[in-house]
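Let's take a quick tour of one model, starting with its open space and moving on to its charged pairs.

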Amino acid sequence: MTERFRERLTRLLGRRPATMQIGALCLDGAGRVLLITSRGTGRWIIPKGWPMAGRSLSEAALQEAWEEAGVEGAVEPEPMGRYFYDKMHDSGFGVPVVVHVFRVSVSNLAEDFPEQGERRRAWFAPEDAAKLVAEDGLRELLSALPKPEAGGAVPQRALGADGN
């Protein structure tokens with residue numbers, strides 16, 4: 001569903017405005033994308049979460065990337081885009097969420113990080129990552145990225161003990 005159609009439909013149906021989250025689109029030096037699995041369903045996503053008091057939105061995105069994927073790196077101060085999804089609650093109701101996405105240049109992936117036992121992480125070419133994510137808007141952001149450089153590799157220290 002396109003973003004414009006979704007916004008019009010939301011106004012027509014009277015749903016509440018979208019809640020904001022921040023996300024980190026993590027790229028290595030070769031242009032590959034780091035995806036992680038969600039804790040609930042195990043689907044492939046980017047690190048994301050809620051804004052944090054005392055941090056800018058970009059700083060909060062980098063913090064989420066650290067907590068969820070062990071990412072160390074530099075974050076761009078302005079979002080590169082946004083996408084919408086419905087965050088499902090245990091009650092079965094979805095809450096509309098807009099995710100403002102910040103580009104993160106990954107310098108290292110730590111082996112020990114807060115959510116390491118709860119998620120998997122892996123590097124993908126942008127076109128492959130786009131095929132794995134469920135959210136249309138995120139798929140569009142990933143599809144717009146340039147293809148990875150030929151022969152580009154991530155230093156072993158950046159992969160973590162499991163090669164991911």
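## The largest pocket

A pocket here is an open set of points on a 1 Å grid over the protein atoms alone, where a 1.4 Å probe fits and protein lies on both sides within 12 Å along at least five of seven lines; lining residues have an atom within 4 Å of a point. This is a predicted model, where local features need pLDDT of at least 70, side-chain atom pairs count only at pLDDT 80 or more, and totals for chains, interfaces and linings use all residues. Residues are numbered from 1 along each chain as its sequence is written, and side-chain values use heavy atoms, leaving out hydrogens and water.

The largest pocket is lined by 19 residues, with S38, R39, R43, K48 and K87 nearest its centre.

## Salt bridges

Count a salt bridge when a side-chain nitrogen of Lys or Arg is within 4 Å of a carboxyl oxygen of Asp or Glu, and you get 8. R39 turns up again here, paired with E118 at 2.8 Å between the closest N and O atoms. E118 sits in the loop between β7 and β8 and R39 in the loop between β2 and β3, so the pair ties together parts 79 residues apart in sequence.

R39 is exposed at 51% relative accessibility, while E118 is partly exposed at 41%. (Buried is under 20% relative accessible area, exposed over 50%, partly exposed in between, with a 1.4 Å probe and protein chains only.) E115 and R119 also form a salt bridge, 2.6 Å from N to O, and both are buried. A network of salt bridges links R39, E68, E115, E118 and R119.

Notes: Helix = DSSP H or I, 4+ residues; strand = E, 2+ residues; numbered from the N terminus.
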